[in-house]
Amino acid sequence: MRIFFTYFAAAKIGSVKYLQMYEGLESFSKEFFLTAGECDAEERMPLTRIAERIIEVATDHANALGIGYSTLIKYNIGWVLGRVSIQMDRYPGINETYTL
């Protein structure tokens, strides 16, 4: 599985709007273990669970870059996961470890 994230941080300070794009700044990954309770009837990870995990990793990645919610809220700005590209060679199965 290959995933590429693009982040945007936007702010409006006074009458000036700022938009900063963070794209592929550093490699970031997180390892997970797929339990039976997370699988579908075909014993594979469903797309909905993959989407949840992608958002979780994106949040952790933004925090690691210093553009997470707790940092940006101080400046009344936020980040948006603007684009996600997913290439699946195969879906993880029960009791498999996978990395996003």
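**Salt bridges, an aromatic pair and backbone angles**

Glutamate 56 is partly exposed, with a relative accessible area of 28%; buried means under 20% relative accessible area, exposed over 50%, and partly exposed in between (1.4 Å probe, protein chains only). The model is predicted, so local features need pLDDT of at least 70 and side-chain atom pairs count only at pLDDT 80 or more, while totals for chains, interfaces and linings use all residues. Residues are numbered from 1 along each chain as its sequence is written, and side-chain values use heavy atoms, with hydrogens and water left out.

The side chain of glutamate 56 meets that of lysine 30 in a salt bridge (2.9 Å, N to O), a term for a side-chain nitrogen of Lys or Arg within 4 Å of a carboxyl oxygen of Asp or Glu. Because glutamate 56 lies in helix α1 and lysine 30 in the loop between β2 (16-23) and β3, this pair ties together parts that are 26 residues apart in sequence. Helices (H or I, at least four residues) and strands (E, at least two) are DSSP runs, numbered from the N terminus.

Lysine 30 is partly exposed as well, at 26% relative accessible area. Its side chain also forms a salt bridge with aspartate 60 (2.8 Å, N to O). Here the loop between β2 and β3 is linked to helix α1, the two residues being 30 apart.

Glutamate 38 and arginine 49 form another salt bridge, with their closest N and O atoms 2.6 Å apart. Glutamate 38 sits in the loop between β3 and α1, arginine 49 in helix α1, 11 residues apart. Glutamate 38 is buried, with a relative accessible area of 15%. Shared partners join Lys30, Glu38, Arg49, Glu52, Arg53, Glu56 and Asp60 into one network of salt bridges.

Helix α1 itself has 19 residues and reaches 27 Å from its first C-alpha to its last, close to the 27 Å expected, which is 1.5 Å times one less than its number of residues. Its buried residues include Ile50, Ile54 and Val57. Just after α1, glycine 66 takes a positive phi of about 85 degrees.

Most residues other than glycine have a negative phi. Glutamate 43, in the loop between β3 (31-33) and α1 (47-65), has a positive phi near 60 degrees.

The whole structure holds 1 aromatic pair. Phenylalanine 32 and tyrosine 98 are stacked, 5.4 Å centre to centre with 25 degrees between the planes; ring centres of Phe, Tyr and Trp (its six-membered ring) must lie within 6.5 Å to pair, and planes under 30 degrees apart count as stacked, over 60 as edge-to-face and the rest as tilted. Both phenylalanine 32 and tyrosine 98 are buried.
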